[in-house]
Amino acid sequence: MARKITIEPVTRVEGHGKVTIQLDPQNNVLDSRFHIVEFRGFERFVQGRPYWEAPVLVQRLCGICPVSHHLAAAKAMDVIVGVGPDGLTPTAEKMRRLMHYGQMFQSHALHFFHLVSPDLLFGVDADPAIRNVIGVAMKFPDLAVQGVMMRKFGQEIIRVTAGKKIHGTGAIPGGINKNLSVQERDEFLKGADPMNIKKMIEWAQAAVNLFKDYHKKNKDFIDSFAAFPSNHLSLVRKDGALDLYHGVLRAVDADGKKILNDVDYQDYLKYVGEEVRSWSYMKFPYLKSLGKKDGWYRVGPLARLNTADFIPTPLAQKEFEEFKAYTNGKPNNMSMHMHWARLIELLHSAEMIEQLLNDPDLQGDKLVAKGTKVKEGVGLIEAPRGTLFHHYRINDNDQIEMANLIVSTTNNNEPMNRAVNWVAVNQISGKKEITEGMLNAVEVAIRAYDPCLSCATHAIGKMPLEVTLVDAEGNVVDQKRK
Amino acid sequence: MSTINFTIDGKACKAKPGQTIVEAAKDNGIYIPTLCHFEGLKPAGTCRICTVKVGGRNMAACTTPVTEGMVVENKTADLEDYRKAIIEMLFVEGNHMCPTCEKSGNCELQALGYRYMMMAPRFPFLFPRRTLDASLPKIVIERNRCVQCLRCVRGITTADGKRIFGVVNRGGHVEITVDKDLAASMTDEMAQKAMDLCPVGAILKKEVGFAIPIGKRKFDSKPIGSEIEKA
């Protein structure tokens with residue numbers, strides 16, 4: 001009897017999605033899909049709103065990395081108010097950067113410690129009753145505390161730059177609404193252990209080492225699981241450095257050849273298209289030069305380390321060199337290495353926070369720049385999960401009349417579907433019995449991409465797995481839910 | 001003229017002749033919540049949040065002058081519940097999205113919602129279809145958030161005394177409108193004054209938003225009424 005396996009919702013990811021796997025009577029995989037079942041609609045209901053509201057309004061897309069949306073929209077509005085990406089005052093740009101690296105730090109820490117570590121510490125097929133963040137807290141309390149405190153540190157950085165830990169108002173068109181007081185700065189530079197930047201750098205380095213140790217012991221799994229060649233896209237600084245706040249668009253193919261050569265993202269529509277498929281609310285972006293079939297690409301930590309030439313902070317650069325050496329300088333196409341790349345970025349973010357905190361420009365009082373208004377603007381940023389596109393057009397009355405958002409996770413839609421399919425074909429297809437561990441493997445592949453599916457809700461805890469047996473006519477024969 | 005003696009909730013208070021209950025209460029360190037009232041503007045009594053009981057009757061404290069020997073009930077359970085109900089009704093009959101409103105933290109309606117611990121709506125949302133007028137050069141009129149307090153109608157005039165804002169329609173369809181020609185001549189200062197005068201986020205100065213950081217907004221550290229109430 002043919003049957004369909006449904007994993008709904010996928011757990012330990014941000015938001016709600018489901019996976020369906022179609023099997024023939026011999027349990028051979030016929031098809032697999034990763035569906036995004038939520039609909040947001042922000043592009044529509046931002047229409048008609050005054051443009052200066054956008055950075056605060058659209059960040060409500062997400063409760064995990066609202067700063068990304070806040071800043072991407074603010075960057076687009078910088079263009080609209082005629083300041084452009086390079087016209088911000090040093091205080092404004094550095095405050096925004098501090099906010100962004102604080103967010104990167106907290107988001108990466110959350111993902112690794114809360115969402116991923118249970119799979120690595122207990123095993124993909126461990127008992128789900130312990131394979132969760134509570135299990136980690138019980139068995140590895142020191143590590144769990146580090147995860148919580150690192151996230152808190154990043155959130156506090158966001159609070160002093162945006163006004164609130166979640167959904168602040170710091171970035172405004174053309175600048176920022178506050179600077180950093182010496183007292184606020186010293187909370188992070190001189191705070192009692194562990195809440196100071198030195199400890200955070202130490203812990204971030206330890207997290208990189210933890211992953212490298214795990215990698216040494218589990219080489220086959222980490223190197224082969226859900227590995228497949230792809231293109232990679234991200235912003236890079238004009239000199240090729242990793243830059244998570246601003247830069248030019250670069251894409252490389254699976255062999256490292258540049259297929260998008262440091263172009264200005266204001267023209268992104270020339271290079272990036274979006275395909276709609278009937279079974280998902282998430283679009284499928286692609287590079288126009290390569291077409292819908294071959295133009296898909298990965299974004300996020302792995303893609304960023306594949307496109308960048310170097311990392312401009314010393315400890316992360318050292319790790320970057322080791323990371324690059326592992327693939328002889330070629331792009332790394334191994335999905336599970338996404339964790340490695342993410343942790344190198346965690347370290348880089350901590351180093352950047354330290355650099356920024358020591359910069360006296362943060363105490364400056366020139367907060368907003370002004371220019372000549374234009375009707376259209378694009379803002380891009382490297383969000384924790386990858387390149388985030390915001391594009392707005394306004395009318396003569398200063399109201400937004402068009403908005404187009406390509407969210408990081410959307411860029412990774414095709415790669416995540418490929419990763420799911422890899423697991424379905426390599427670990428489920430043809431097996432006599434389908435275990436919970438195998439289904440978790442599907443989720444492990446998705447989790448590597450740290451998707452933010454709705455950007456607002458967050459499922460955690462018991463895995464509400466549903467398996468539906470369907471006969472050849474499509475009738476439900478049996479359904480089990482736990 | 002002599003001082004007028006009266007009581008609020010049994011406390012002996014003094015008033016100057018001609019003072020309203022709201023004004024006199026303030027001088028005596030007692031907060032009576034208001035929304036449509038604004039010092040210096042002629043009272044309109046449109047919102048009724050200041051409702052107090054005088055001689056067993058409900059009165060608007062912002063329009064009622066104090067008289068000798070007056071006995072005012074202010075902070076009774078009944079009155080506090082009426083006030084809370086009025087605030088809740090104002091919320092459900094408009095479209096108030098505090099999370100993305102730039103007046104959040106400076107909004108008197110929101111501040112009253114916090115003061116009265118409005119946790120969940122007890123009245124159904126009406127979700128009225130209201131419009132936003134962004135066609136004026138200096139201000140945006142966001143009618144979704146308007147509570148029809150008429151502060152702008154009373155307080156914003158041209159140099160020669162002409163009113164810029166007005167009211168059209170009746171009952172539940174009342175809305176604020178402007179004389180477009182007069183509004184077109186508004187200066188930046190007038191636009192700012194109109195925005196500051198509006199207790200909610202219905203009048204916004206164009207091209208500036210969220211300029212005051214969280215923590216420095218009017219009600220971030222001082223809840224509404226705390227400037228009047230003595231410990």
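Two residues are taken to be in contact if their C-beta atoms, placed from the backbone, lie within 7 Å. The views below come from a predicted model, in which local features need pLDDT of at least 70, side-chain atom pairs count only at pLDDT 80 or more, and totals for chains, interfaces and linings use all residues. Residues are numbered from 1 along each chain as its sequence is written, while chains are lettered from A and ligands numbered from 1 in the order in which they are written.

**View 1. Val208(A) and its contacts.** Val208(A) touches Glu319(A), Leu343(A), Ile344(A) and Leu347(A), not counting residues up to four places away in sequence. The C-alpha atoms of Val208(A) and Ile130(A) are separated by 24 Å, and the two residues are 78 apart along the chain.

**View 2. Helix 8 of chain A and what covers it.** Val208(A) belongs to helix 8 (residues 197–217) of chain A, where helices (H or I, at least four residues) and strands (E, at least two) are DSSP runs numbered from the N terminus. Helix 8 of chain A has 21 residues and reaches 30 Å from its first C-alpha to its last, close to the 30 Å expected at 1.5 Å a residue, the expected span being 1.5 Å times one less than the number of residues. Its buried residues include Ile197(A), Trp203(A), Val208(A) and Phe211(A), and among the elements that cover the buried residues are helix 4 (90–122), helix 13 (314–326) and helix 14 (337–357) of chain A.

**View 3. An open sheet in chain A.** Four strands form an open sheet of 4 strands in the order 8-7-6-11 (chain A), with mixed pairing; two strands pair if DSSP finds at least two bridges between them. Strand 8 (258–263) and strand 11 (297–298) of chain A stand at the edges with a single partner strand each, so one side of each is left without a neighbour in the sheet. Strand 7 (residues 248–252) of chain A runs antiparallel to strand 8 of chain A and is joined to it by 3 bridges, and Ala251(A) stands opposite Leu260(A) in strand 8 of chain A.

**View 4. The two domains of chain A.** The domain assignment of chain A, with bounds from an automatic or database source, gives domain 1 (3–39 + 413–481) and domain 2 (42–103 + 157–177 + 228–411). Between them, 22 residues of domain 1 of chain A are in contact with 24 residues of domain 2 of chain A. On the domain 1 side, helix 16 of chain A gives the largest share, 6 residues, and by class that side has 14 nonpolar, 2 polar and 6 charged residues (nonpolar: Ala, Val, Leu, Ile, Met, Phe, Trp, Tyr, Cys and Pro; charged: Asp, Glu, Lys and Arg; polar: the others, Gly among them).

**View 5. The contact between chain A and chain B.** This contact takes 19 residues from chain A and 18 residues from chain B. The side of chain A that touches chain B divides into 5 nonpolar, 9 polar and 5 charged residues.

Key. Buried ≥ 20, exposed ≤ 12 C-beta atoms within 10 Å, placed from the backbone.
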